[in-house]
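Hi everyone, thanks for coming. Please take a moment to look at the sequence and the structure on the screen, and then we'll walk through them together.

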Amino acid sequence: MKMLVCGGAGFIGSNFVRRALAAGHEVINLDKLTYAGNPDNLRAVEDHPRYRFLHGDICDRETVLRAADGVEAIVNFAAETHVDRSIVDPEAFLRTDVLGTYTLLEAVRALGISRMVQVSTDEVYGSVSEGSCTEDAPYAPSSPYAAAKAAGDLQVLAYFRTYALPVMITRGSNTYGPHQYPEKLIPLFITNALEGEPLPLYGDGLNVRDWLHVDDHCAGIELVLAHGEPGQVYNIGGGNERTNLEITRIILDELGLGEGCIRWVADRPGHDRRYSLDCSRLRAMGWQPQVDFETGLRETVRWYHDNDWWWKKIKHESEAFVAWKRRWYEERA
Ligand code: NAD
């Protein structure tokens, strides 16, 4: 299949691109290369005969129409994704996560593209005090990031109802694995620990996330792309609910460090306490997570340990990272 992947230079998108090429697909990757987009993530495939990179913005109609011309499917990973950044500066989130999604939907409509998967998040359901959310749970986003993703989802569902477009949504849970930008909890903590810096843990450390390995997340998206029903939403969760403190302890243990490395910091405003997904719909289609959580997390720690060429460039040379880190620590001093 010839597909347009948007945001394929980021963490999950680059994993998906590598897998799609390995599975025999032809991939056009449209990415704006924001601070989070990283060509190093695709070094292994940049000269692949079935791969083409296009530098561009999903909000730009002409660019999208050109990129999508002749493709059978679009898979959209492109988004602003960091909750903390959305609290400081929400505008870019509204642009890409809402207007960008709309621009892709318009391209599906104009070009008659056969399938589109919008990659969304469990954060649209907000904090879940008890039980797990099915796909019909109401939207209750807490952060500007989650609200922008929810608005993107609503556009997708509206385009299905109004124009009968062949569009589907996946809602993944917190994802981890190699190549994740080191501002996110797991890679931030691993790389801080590797450099002897404190691990800044929010609040009481007891916020719960359902962790999903990036390979399992991409396998779920692939299944929805191949067999999902238009207009349908599919939860993808790892079934690994852990507190941030439990995650921190595994990372420290893998590196032979003690809890003295933790620095407790004031909680994030509007911090959701718990996310939890009911994934029966996708499981009924044959998907189930393959990666054991603790094994996957320990392997991820070792990947960052063995690939400091990948993250040291970002942490020490990227202006976007250095400025964000300075601001983040100043606000919590
Ligand atoms: P990421 O921040 O690592 O990568 C985002 C990519 O999108 C980057 O390559 C960036 O350059 C690109 N991009 C941003 N704005 C763009 C624009 N206007 N036009 C074209 N490209 C643009 O993100 P990620 O963690 O890989 O997440 C990918 C998707 O999965 C997002 O939609 C996110 O909401 C969703 N998701 C992520 C997680 C997670 O835990 N990381 C969990 C569930 C869902």
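How do helix 6 and helix 10 lie relative to each other: parallel, perpendicular or oblique? Before I answer, please keep in mind that this is a predicted model.

Let's find the two helices. Helix 6 covers residues 185-194, and helix 10 covers residues 293-306. Their axes come within 10 Å and cross at roughly 50 degrees. Helix 6 and helix 10 are therefore oblique to each other. If you care about handedness, this crossing of helix 6 and helix 10 is right-handed.

Who does the touching? From helix 6 we have Ile186, Pro187, Ile190, Thr191 and Leu194, and they meet Leu297, Thr300, Val301, Tyr304 and His305 of helix 10. Sorted by class, the residues in this contact are 7 nonpolar and 3 polar, with no charged ones.

Stay with helix 10 for a moment, and look at helix 11, residues 308-317. Here the axes come within 6 Å, and the crossing angle is roughly 75 degrees. That makes helix 10 roughly perpendicular to helix 11. On the helix 10 side, the contact is made by Trp303, Tyr304, His305 and Asp306, and on the helix 11 side by Asp308, Trp310 and Trp311. By class, that gives 4 nonpolar, 1 polar and 2 charged residues.

One more helix pair for you. At what angle do the axes of helix 4 and helix 5 cross? Helix 4 spans residues 91-111, helix 5 spans residues 144-163, and the answer is roughly 15 degrees, with the axes coming within 8 Å. Helix 4 and helix 5 are therefore roughly parallel to each other. Their crossing is right-handed. Among the residues in contact are Phe93, Leu94 and Tyr102 of helix 4, and Tyr145, Ala148 and Tyr159 of helix 5. The residues of this contact divide into 11 nonpolar, 3 polar and 4 charged.

As a reminder, strands of a sheet pair through backbone hydrogen bonds, either parallel or antiparallel. For an example, zoom in on strand 5 (residues 115-121) and strand 6 (residues 167-172): they run parallel and are joined by 6 bridges. Within this part of the sheet, Val117 stands opposite Met168 of strand 6.

Last stop: aromatic rings. The count comes to 10 aromatic pairs. One of them is Phe16 with Phe77, a tilted pair, 5.2 Å from centre to centre and with 50 degrees between the planes. Phe16 lies in helix 1 and Phe77 in the loop between strand 4 and helix 3, so the pair ties together parts that are 61 residues apart in sequence.

Key. Residues are numbered from 1 along each chain as its sequence is written. This is a predicted model: local features need pLDDT of at least 70, side-chain atom pairs count only at pLDDT 80 or more; totals for chains, interfaces and linings use all residues. Side-chain values use heavy atoms; hydrogens and water are left out. Axes are lines fitted to C-alpha atoms, for helices over the stretch in contact, and angles run from 0 to 180 degrees between N-to-C directions. Helices (H or I, at least four residues) and strands (E, at least two) are DSSP runs, numbered from the N terminus. Angles under 35 degrees count as roughly parallel, over 145 as roughly antiparallel, 65 to 115 as roughly perpendicular and the rest as oblique. A crossing is left-handed if the near helix is turned anticlockwise from the far one by less than a right angle, and right-handed if clockwise. Contact means heavy atoms within 4.5 Å. Ala, Val, Leu, Ile, Met, Phe, Trp, Tyr, Cys and Pro count as nonpolar, Asp, Glu, Lys and Arg as charged, and the others, Gly among them, as polar. Two strands pair if DSSP finds at least two bridges between them. Rings of Phe, Tyr and Trp (its six-membered ring) pair if their centres lie within 6.5 Å; planes under 30 degrees apart count as stacked, over 60 as edge-to-face and the rest as tilted.
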